[in-house]
Amino acid sequence: MKKIGSILLVLTLMISLLAGCGKKDTTGEGTAPTAVPTNEASKENPTEKPKQDVTIKVAAIETAYGPDMWTKVCEAFEAKTGIKVELTTDKLLEDVIGAGMKAGDYPDVVHLATGRPAALTETLIKENGLEDLTDVLSMTVPGEDKKVSDKIAGGFTESSLTNPYNDGKTYMAPMFYSPCGLFYNKGLFAEKGWTVPTTWDEMWTLADKAKAEGIALFAYPTAGYFDAFFYALLYEVGGADFFAKATTYTEGIWDTPEANKAFDIVEKLASYTEKSVPSNANNDNYLKNQQLILDNKALFMPNGTWVVGEMKYAPRVNGFEWGFTALPAIAKGEDSYSFTWFEQLWVPAAAEHKDAAKQFVAFMYSDEAAKIFAESGAVQPIVGFADKLEGDNKLFYSIYDNGAKAALGGFAATEPVEGVNFSDTVFGTVNSLVSGDKTKAQWIDLIKKDSDLLRAALKK
C-alpha cells in the first residue's frame, strides 16, 4: 500500500535527503546474539512525540517484495515525524546485524519473521530480548486520528506469533499477511476437466488420475513450507482446542486419534510427492520445486501469496493461470482451513531509541505506509484494506470469503533446549518421509521426544 506525497511532502523529503533515510551499505558475519533481558519498562514514553534530532536504526529483511518499499516508507516516516532513519536491508539480514547485536550494537526496529534457518528472532524470544509493544496498540497512528488497535484487523495480535509468552502482552507487530494454502494451475484443471478437491478422499482420487498421466500430486519449495500446511491441518483434524494443546506440547497429545489422522495424511501426501523435491528443497534450489507447478509436473504446492512475484518471470506452460485453495476438509461438511502467515516487526529490548522506534511501528499501520507496501505486493493486516486489491491478490485475499476458516498461531516459545529444533523435527523431517529415509513411526517418535523436552521448558 503506497503513498503519494503532496507538494509539501515533496519539499519535506527534499530536506530529508540531506540527513535522512540513508540505506546502510552492509557487510557482516552471522552469529546469534546474546539477548538482553527485557523485563524492565522502557524509560521513554511512546505517547510523547520524540525529539526531531533522533536517528533510529531500522533493519528489514529483503524478500521478494524488494527493498525499495522500505526506502519509501522510511522517507514518508521522516517527513511525517521529523525522526531520521538509518535503513539496512539485506536478504541475509541475520548475517548483517547478528555480529553487531552480539557486540551490543542493536537496531532500534527489526523486521524479521520467525521460521528462518538462522532463528535469530526465536533466539531473542527465548532470551527475553524483545521490548513489550502492547502500549503501541493504544498509540495514535502518526498523521492520522485513529489508534493502532483500530487499524489492525481482528485476531492478528491475539496469537503466539505476536504474543509468544501467552501473557496477554504483544511483543511483535504483525506485518504483511499472506493467506497460505495450495497453489495450482487453473488452466490444467480446465483442460483435464478436473475439479479442485474439497475433501482429502477426493484429493487421493485425483492423485491417482494425475499419476496415470505422469503428473505428481504434490511438491513443496522447502520442508519449512510445511509449517503453514501442518498448522492448518491440525485445526482441521481437531479444531482450535486441539491446536492449542498440540502447540503447547500437552502430554499425550501426539498419541490422540486427531494427531494420528494428521500424521496419516502427511505420510500419504509424501507418497504422492514428486521424488526430485527433497534434493532441491533448500534455499539455493527451491525455485526448481516451484517450477514444477508451472511446468504441469505437479498439481499442488503449499505456499504464500508472494510466490506469484517470485515466479513472475519464470517460464510456464501455455494457458497457465494461478489457482489457490484452502486445504481439503477431512470429510464433507467439515471445515477447511487456510493458515494466515504474517511477518513480524519488533523492537529489541536493548534498542537505544525505544520511543522513536515505537512511533515507527505505529506508522506501519498508516494508510500512507500501507499504500507504499501494497505497490510492491506486501499487504498490511489493516481493516478494510483487502477491498482495494485487484487481480490475483483479490483471489488470494478473498479465500476467507469463500468458506475457508483462518488458522493462526504456532508452537509456543520455550526456554532454550540444547539440541532441539522443533521446526526441523516436525517440518524438516518431511524430506525424509518423501525420500524414504524415515518412516512415519520414526517421525512421530522424534516429535514426541522433543515435545516432552519442550513441555518442561515452556516459558512461565
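Biologist: Why are H9 and H18 called oblique to each other?

Modeller: In this predicted model, the axes of helix H9 (residues 257-271) and helix H18 (residues 440-456) cross at roughly 135° and come within 11 Å, where axes are lines fitted to C-alpha atoms, for helices over the stretch in contact, and angles run from 0 to 180 degrees between N-to-C directions. Angles under 35 degrees count as roughly parallel, over 145 as roughly antiparallel, 65 to 115 as roughly perpendicular and the rest as oblique, and H9 and H18 are therefore oblique. Helices (H or I, at least four residues) and strands (E, at least two) are DSSP runs, numbered from the N terminus.

Biologist: Which residues of H9 and H18 meet, and what classes do they belong to?

Modeller: Phe263, Asp264, Val266 and Glu267 in H9 are in contact (heavy atoms within 4.5 Å) with Lys440, Trp443, Ile444 and Ile447 in H18. By class, this contact of H9 with H18 holds five nonpolar, no polar and three charged residues, with Ala, Val, Leu, Ile, Met, Phe, Trp, Tyr, Cys and Pro counted as nonpolar, Asp, Glu, Lys and Arg as charged, and the others, Gly among them, as polar.

Biologist: What are the conventions behind these values?

Modeller: Because this is a predicted model, local features need pLDDT of at least 70 and side-chain atom pairs count only at pLDDT 80 or more, while totals for chains, interfaces and linings use all residues. Residues are numbered from 1 along each chain as its sequence is written, and side-chain values use heavy atoms, with hydrogens and water left out.

Biologist: What makes strand S2 largely enclosed by the rest of the structure?

Modeller: Five of the seven residues of S2 (residues 55-61) are buried, so the strand is largely enclosed; buried means under 20% relative accessible area, exposed over 50%, and partly exposed in between (1.4 Å probe, protein chains only). Seven bridges join S2 to strand S3 (residues 84-90), and the two run parallel, with Val58 having Leu87 in S3 as its bridge partner. Two strands pair if DSSP finds at least two bridges between them.

Biologist: Why do S7 and S9 count as edges of their sheet?

Modeller: Four strands form an open sheet of mixed pairing in the order S7-S8-S6-S9. Strand S7 (216-218) and strand S9 (322-325) each have a single partner strand, so one side of each is left without a neighbour in the sheet. Within this sheet, strand S6 (residues 181-185) and strand S8 (residues 298-303) run antiparallel and are joined by three bridges, Gly181 having Asn303 in S8 as its bridge partner.

Biologist: How do you know whether Thr114 is buried or exposed?

Modeller: Thr114, in the loop between strand S4 (109-111) and helix H4 (120-126), has a relative accessible area of 19% and is therefore buried. Not counting residues up to four places away in sequence, Thr114 touches Thr121, Glu122, Ile125, Leu161, Trp341 and Gln344.

Biologist: And what does the relative accessibility of Tyr400 make of that residue?

Modeller: Tyr400, which lies in the loop between helix H15 (391-397) and strand S11 (405-407), has 24% relative accessibility and so counts as partly exposed. Among its contacts, leaving aside neighbours within four places in sequence, is Pro179, and the C-alpha atoms of Tyr400 and Pro179 are separated by 8.8 Å although the residues are 221 residues apart along the chain.
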